[in-house]
Amino acid sequence: MKPERVTLRDGTSAQVRQIRPDDAGLLRLGFEGLSDGSRTARFLANKSALTEEEIAYFTEVDHVDHEALVASDLAEERGFGVARYIRSADDPSRAEFAVVVVDDMQGSGLAPLLLKRLAQRARRAGVRHFEAHVLPSNRRMLDLAGRLWPVEQVSTEPGVTHISLSIVPERPWWKRVLRGA
């Protein structure tokens with residue numbers, strides 16, 4: 001994937017591209033741009049720092065079974081957000097996904113943009129369903145996922161909501177009729 005220049009709702013220009021191992025510093029700076037609430041929403045617990053092992057895991061990906069897209073300013077000095085999926089070992093058509101956007105960029109349209117680009121990459125790799133574990137209080141994420149894709153399943157355990165979504169675009173009704181399904 002070539003880096004893509006995008007313009008967000010608020011007029012901010014950003015670059016979206018696949019994450020690289022040398023993005024460790026960008027990831028650290030982005031993490032510092034998250035409030036405690038955003039960290040809790042992303043990691044399901046308050047997290048004060050990322051370990052070196054986590055940084056390596058988040059940046060050293062194979063771009064097939066584990067994909068991550070990063071958005072940054074055009075000079076790549078500041079990370080705005082990351083979206084990733086990790087394919088299920090049990091069912092290669094399913095992958096767990098996550099997205100995080102630094103607090104001052106939330107509401108700019110970056111999260112849906114990153115998730116749409118991530119779904120495109122996932123479909124090319126054979127992934128048909130995204131799954132996520134989300135805090136029930138994280139209404140923004142639950143609403144966003146439901147706006148982007150058909151919700152297949154929602155289950156709630158104490159403190160965690162599990163969602164499963166079909167990321168395969170539904171064919172328009174007229175194509176289904178003409179092709180017989």
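Predicted model: local features only at pLDDT ≥ 70, side-chain atom pairs only at ≥ 80, totals over all residues.
The side chain of Asp 23 meets the side chain of Arg 17 in a salt bridge, with a distance of 2.7 Å from N to O. Arg 17 also falls under the 20% limit for a buried residue, since its relative accessibility is 2%.

## Salt bridges between strands

Across the whole structure, a search finds 15 salt bridges. One of them joins the side chains of Glu 131 and Arg 94, at 3.0 Å from N to O. Because Glu 131 belongs to strand E6 and Arg 94 to strand E5, this pair ties together parts that are 37 residues apart in sequence. Arg 94 itself counts as partly exposed, with a relative accessibility of 22%.

Arg 94 has a further salt bridge, in which its side chain meets that of Glu 152 at 3.9 Å from N to O. Here the pair ties together parts that are 58 residues apart in sequence, because Arg 94 lies in strand E5 whereas Glu 152 lies in strand E7. Glu 152 is partly exposed, and its relative accessible area is 39%.

In general, the strands of a sheet pair through backbone hydrogen bonds, and the pairing is either parallel or antiparallel. In this model, E1 pairs with strand E2 (residues 13-18) in the antiparallel sense over four bridges, and Glu 4 stands opposite Val 16 in E2.

## A histidine in strand E6

Strand E6 also holds His 129, which counts as buried because its relative accessibility is 17%. Leaving out residues up to four places away in sequence, His 129 touches Ser 93, Arg 94, Ala 95, Glu 152, Leu 165, Ser 166 and Ile 167. Among these contacts of His 129 are Arg 94 and Glu 152, whose side chains meet each other in a salt bridge.

## The largest pocket and Ala 41

The largest pocket has a volume of about 730 Å³, and 31 residues line it, of which Ala 41, Val 99, Val 100, Asn 138 and Met 141 lie nearest its centre. The elements that give two or more residues to this lining are H2, E4, E5, H4, E6 and helix H5 (139-148). Of these, E5 gives the most to the lining of the largest pocket, with six residues.

Ala 41, one of the residues nearest the centre of the pocket, is found in helix H2 (residues 36-43) and is partly exposed, with a relative accessible area of 24%. Not counting residues up to four places away in sequence, Ala 41 touches Leu 135 and Asn 138. The C-alpha atoms of Ala 41 and Pro 136 are separated by 9.5 Å, although these two residues are 95 residues apart along the chain.

## The cavity

A search of the whole structure finds one cavity of 30 Å³ or more, and the largest cavity has a volume of about 220 Å³. It is lined by 19 residues, of which Leu 27, Phe 31, Leu 34, Val 82 and Val 100 lie nearest its centre.

Helix H1 (24-32), H2, E4 and E5 each supply at least two residues of the lining of the largest cavity. E4 gives the most to this lining, with five residues, whereas for the largest pocket the element that gives the most is E5.

Note on methods
Residues numbered from 1 in each chain as written. Heavy atoms only, no water. Pairing = 2+ DSSP bridges. Salt bridge = Lys/Arg side-chain N within 4 Å of Asp/Glu carboxyl O. Buried < 20%, exposed > 50% of the residue type's maximum accessible area, 1.4 Å probe, protein only. Contact = heavy atoms within 4.5 Å. 1 Å grid on protein atoms, 1.4 Å probe; cavity = no way out; pocket = protein on both sides within 12 Å on 5 of 7 lines; lining within 4 Å. Points joined across faces, edges and corners; volume = space filled by probe spheres on them.
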